[in-house]
Amino acid sequence: MRVVGKVGAIGAVAAAVLVMAGCGSGDDSEADTTTTAKATTSAAAQPQSAAQTQSKGRECTADDIKVDGAFGKAPTITIPDDCDAPKTLITKDLTPGSGPGAQAGQKLTMNYSLITWSDKKKLDSSFDRGEPFTLTLGAGEVIKGWDQGLVGVQQGARRLLIVPPDLGYGAGGRGMKPYETLVFVTDAVKVG
């Protein structure tokens, strides 16, 4: 019961501040300061991406990410400093494959390398272990960014995946900072 009362009191104060700011008087400086302080407090309470800093003015695209290395070899991935992490899933085939594209329910054997956006460091690589990873596409065995981003991949393709936090590990875990954007370079060793 005490929590409900406190929430109601906070809501009433917030409503009063908004009404006062909206009505205005000849001197808006006090209302502007109050509104700005409230907005700052509200923004501070929101979860932030590990990579979220001051905006650089544009979101990165797949073409901004530099990937060196051929299919079957561990890639070198370079994330630029002059653009922001994308907010949506981005996929791009860097090397074309052949045969039918992967569909939900199919087995895939993949090699991958993972770089975290915020610190631009390699977090994991099946290439380094010399052991590809097997999954069933769309079965929820992997992050949503993989289940969605690998649809249509062909055997022999090298595909870049830029995975936003909501399709990755969200609040964190598995060695990742909270709300991390993930950059994968994947090789489709076997489809089907």
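Predicted model: local features only at pLDDT ≥ 70, side-chain atom pairs only at ≥ 80, totals over all residues.

Colleague: Let us begin with T109. Is T109 buried or exposed?

Modeller: Buried means under 20% relative accessible area. T109 has 19% relative accessibility, so T109 counts as buried. You will find T109 in strand 4, which covers residues 107–116.

Colleague: Which residues does T109 touch, beyond those up to four places away in sequence?

Modeller: Its partners there are P132, F133, T134, D187, A188, V189 and K190.

Colleague: And where does F127 lie?

Modeller: F127 belongs to helix 3, residues 126–129. With a relative accessible area of 14%, F127 is buried too. Setting aside neighbours within four places in sequence, F127 has contacts that include G72, N111, R158 and V185. Take G72: F127 and G72 are 55 residues apart in sequence, yet their C-alpha atoms are 8.0 Å apart in space.

Colleague: Now the cores. What is the general idea?

Modeller: In soluble globular proteins, nonpolar side chains tend to be buried together.

Colleague: How many residues does the largest nonpolar core have here?

Modeller: It has 21 residues, and L108, W146, L150 and F184 have the most contacts inside it. Strand 4, strand 7 (158–163) and strand 8 (182–191) each give two or more residues to this core. Another core lies apart from it, with 14 residues, among them C60, A62, I65 and I77.

Colleague: What does L108 touch?

Modeller: Not counting residues up to four places away in sequence, L108 touches several residues, including A102, F133, L150 and V191.

How values were computed: Residues numbered from 1 in each chain as written. Heavy atoms only, no water. Helix = DSSP H or I, 4+ residues; strand = E, 2+ residues; numbered from the N terminus. Buried < 20%, exposed > 50% of the residue type's maximum accessible area, 1.4 Å probe, protein only. Contact = heavy atoms within 4.5 Å. Core = buried A, V, L, I, M, F, W, Y, C linked by side-chain atoms within 4.5 Å.
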